Amino acid sequence: MVKVSVDKKKCIGCGSCVALCDNFELIEGKARVKNPNPKTVGCNKKAKDSCPTNAIKIK
Ligand code: SF4
């Protein structure tokens, strides 16, 4: 199973992950993962790679 998370302390709310992957949304200036346990990595990987502060973790 895939586990996706955002470290809110690192997130600067740039919106890159939200633009690239519909599994992310911005709430009060911080990214939030809609489904933390997706069946496949899918676009979450793109979002992770795009994050300027390395706030997104995928296990
Ligand atoms: S790409 Fe990173 S810094 Fe930007 S909103 Fe998403 S988690 Fe936050």
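The legends below describe close-up views of a predicted model.

Local features are taken where pLDDT is at least 70 and side-chain atom pairs where it is 80 or more, while totals for chains, interfaces and linings use all residues. Residues are numbered from 1 along each chain as its sequence is written, and side-chain values use heavy atoms, without hydrogens or water.

View 1. Twelve positions are listed here: Cys-11, Ile-12, Gly-13, Cys-14, Gly-15, Ser-16, Cys-17, Ala-31, Cys-51, Pro-52, Thr-53 and Ile-56 surround the ligand (a residue is near a molecule if one of its heavy atoms lies within 4 Å of it). This shell has eight nonpolar residues, four polar and no charged. Here Ala, Val, Leu, Ile, Met, Phe, Trp, Tyr, Cys and Pro count as nonpolar, Asp, Glu, Lys and Arg as charged, and the others, Gly among them, as polar.

View 2. The whole structure has one cavity of 30 Å³ or more (a set of points, on a 1 Å grid over the protein atoms alone, where a 1.4 Å probe fits but cannot get out). The volume of the largest cavity is about 90 Å³, counted as the space filled by probe spheres set on the points. Its lining has 14 residues, and those closest to the centre are Cys-11, Cys-14, Cys-17, Ala-31 and Cys-51; a lining residue has an atom within 4 Å of a point. Ten of the lining residues are nonpolar, four are polar and none is charged. The ligand sits in this largest cavity, meaning that more than half of its atoms lie within 2 Å of the grid points.

View 3. Side chains of opposite charge can pair when their charged atoms come close. Two salt bridges are found in the whole structure (a side-chain nitrogen of Lys or Arg within 4 Å of a carboxyl oxygen of Asp or Glu). In the one between Glu-25 and Arg-32, the closest N and O atoms are 2.3 Å apart. Glu-25 is partly exposed at 24% relative accessible area, and Arg-32 is partly exposed at 36% (buried is under 20%, exposed over 50%, partly exposed in between, with a 1.4 Å probe and protein chains only).

**View 4. Helix 2 and its lysines.** Lys-45 and Asp-49 form a salt bridge, 2.7 Å from N to O. Both lie in helix 2, residues 44-50, four residues apart, or about one turn (helices are DSSP runs of H or I, at least four residues, numbered from the N terminus). Lys-45 is partly exposed at 44%. Lys-48 is also in helix 2 and is partly exposed at 27%. From Lys-48 to Val-4 the C-alpha distance is 9.3 Å, although they are 44 residues apart in sequence.

Terms used
On a 1 Å grid over the protein atoms alone, a cavity is a set of points where a 1.4 Å probe fits but cannot get out, and a pocket is an open set with protein on both sides within 12 Å along at least five of seven lines; lining residues have an atom within 4 Å of a point. Helices (H or I, at least four residues) and strands (E, at least two) are DSSP runs, numbered from the N terminus.
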